Amino acid sequence: MLKGKTVLLGITGSIAAYKIAYLASALHKLHADVHVLMTENATNFINPITFETLTGNKCLVDTFDRNFQFQVEHVSIAKKADVVMIAPASANVIGKLANGLADDMLTTTVMACRCQKILAPAMNTAMYENPVVQDNIRKLQTYGYEVITPASGYLACGDTGAGKMPEPETLLEYILRESAFQKDLAGKKLLVTAGPTQEAIDPVRCLTNHSSGKMGYAIAKMAMLRGAEVTLVSGPTAIEPPLFVKVVPVTSARDMFEAVTGLSDEQDIIIKAAAVADYRPKQVSEDKVKKKDDQASIELERTDDILKYLGRHKKQGQFLCGFSMETRDMLRNSRAKLEKKNLDMVAANNLKVEGAGFQGDTNVLTLITQDEEVSLPLMSKEDAALKILDKILLLTTKAEA
Ligand code: CTP
């Protein structure tokens with residue numbers, strides 16, 4: 001995801017410094033060229049050798065280090081950088097950067113960077129709330145720094161409050177949003193639905209299905225990373241929604257219908273990956289239904305077909321993609337959905353094919369449009385999401401030309 005990108009990590013003297021080892025490693029695994037810059041104080045919390053081992057690059061601490069190939073190092077690294085993150089950022093370094101002071105390797109390098117700078121303050125609550133620190137943070141924001149609001153919680157100093165550096169997984173998401181992929185979906189509004197719906201029988205029971213939501217969540221994440229403004233309408237799932245995506249949680253098919261149709265007019269692209277229940281109990285019991293000795297049955301009625309409704313009310317230039325899960329006659333049945341629901345594309349998968357369908361992290365999709373059927377091999381749901389988005393971009397660009 002970050003092949004060919006240079007990421008600078010600036011670490012200052014805060015106990016949260018140890019968490020950056022995970023971040024450096026995760027970035028290296030995503031093929032970024034990672035350079036770590038530490039203040040002298042930071043080296044009291046974690047050893048530079050840790051970062052050299054994880055990134056394969058020399059960790060820079062001393063501006064006047066004689067042991068390097070001749071280049072003005074803080075300038076050459078700043079020129080290469082695609083993004084710089086200062087995390088944890090102490091009150092001292094925030095103060096220096098906000099006031100143009102550059103007296104060590106980290107501050108001179110950051111000052112020489114023209115790329116996007118992201119700051120994750122981490123300090124004691126009273127320090128964080130100090131008006132001087134707040135003024136410095138605001139000043140850096142006006143200069144274009146992105147500042148990640150610290151989390152609240154138990155701090156290493158024993159206090160509880162704001163000032164905690166977010167977990168490295170969160171920091172990684174900020175770097176990915178900035179640097180992963182070309183932003184070829186910038187300016188597009190994309191709505192994706194994901195997960196199952198739950199249709200209540202009584203206060204304790206419901207009708208649902210095995211959808212995990214992974215495919216829809218992967219589409220939401222990849223579209224966001226490619227620059228789209230993403231809304232994720234999600235049925236109940238056990239997975240964390242991606243950052244920087246507007247999430248609308250729903251439970252039943254009726255809720256999903258209302259959420260989606262309320263937002264559909266403003267969307268350029270709608271992808272319906274959710275496994276919406278086709279039927280719901282006709283009567284929902286207010287009290288728990290008690291068991292009896294003989295057989296039981298539930299009378300069902302049809303839910304609204306959201307996709308069909310969207311196909312009927314499709315606005316000019318809007319791209320509509322449905323999903324189709326089959327166990328037989330996949331191509332014929334899916335093509336029928338394309339016609340019947342007035343779709344631009346159907347992403348079809350056969351539940352009986354190894355590695356396809358619900359729950360797993362992979363899928364085997366066939367992308368069906370009016371003119372063609374493209375069979376994709378087994379791949380991760382994230383890669384499958386990218387293929388879907390590639391195809392949509394190609395078709396919408398063609399249509400606009
Ligand atoms: N869908 C929807 N609203 C429903 C049911 C399904 O929007 N009430 C959407 C799904 O999100 C998916 C597509 O329609 O994008 C699936 O089409 P559908 O005809 O429901 O497929 P199946 O349920 O697989 O069809 P069938 O039950 O006829 O096998």
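Predicted model: local features only at pLDDT ≥ 70, side-chain atom pairs only at ≥ 80, totals over all residues.
Residues are numbered from 1 along each chain as its sequence is written, and side-chain values use heavy atoms, with hydrogens and water left out.

Okay, back to Ser179. Take Leu2: it sits 177 residues from Ser179 in sequence, yet their C-alpha atoms are 7.0 Å apart in space. Ser179 belongs to helix H8, residues 168-179. By the way, helices (H or I, at least four residues) and strands (E, at least two) are DSSP runs, numbered from the N terminus. Ser179 is also buried, at 3% relative accessibility. Buried is under 20% relative accessible area, exposed is over 50%, and partly exposed is in between, using a 1.4 Å probe and protein chains only.

Now the whole protein. We have 13 helices and 21 strands, and the C-alpha trace spans about 80 × 55 × 40 Å along its principal axes. Of the 401 residues, 49% count as buried. If you take contacts with a separation of 6 or more, 67% of them come from residues 24 or more positions apart.

There's one annotation to mention. UniProt, in an unreviewed entry, puts the feature "domain: DNA/pantothenate metabolism flavoprotein C-terminal" at residues 185-393. In the model, the end C-alpha atoms of residues 185-393 are 8 Å apart, and the span is 26% helix and 26% strand.

Next up, salt bridges. I'm counting a side-chain nitrogen of Lys or Arg within 4 Å of a carboxyl oxygen of Asp or Glu, and by this rule there are 25 salt bridges.

Let's look at a few. Asp361 and Lys214 form one, at 3.1 Å from N to O. Asp361 is in the loop between strand E17 (345-350) and strand E18 (362-363), while Lys214 is in helix H9 (residues 214-225), so this pair ties together parts 147 residues apart in sequence. Asp361 is exposed, with 54% relative accessible area, whereas Lys214 is partly exposed at 27%.

Then there's Asp305 with Lys341, whose closest N and O atoms are 2.8 Å apart. Asp305 is in the loop between strand E15 (300-302) and helix H11 (306-312), and Lys341 is in the loop between helix H12 (330-340) and E17, which puts them 36 residues apart. Here Asp305 is partly exposed at 24%, but Lys341 is buried at 13%.

What about Glu372 and Lys391? Their closest N and O atoms are 2.2 Å apart, in another salt bridge. Glu372 is partly exposed at 32% relative accessibility, and Lys391 is buried at 13%.

Last one: Lys96, Asp103 and Asp104 are linked in a network of salt bridges. Thanks, that's me done!

Key
UniProt positions renumbered as here; feature names shortened; annotations may be inferred. Contact = heavy atoms within 4.5 Å.
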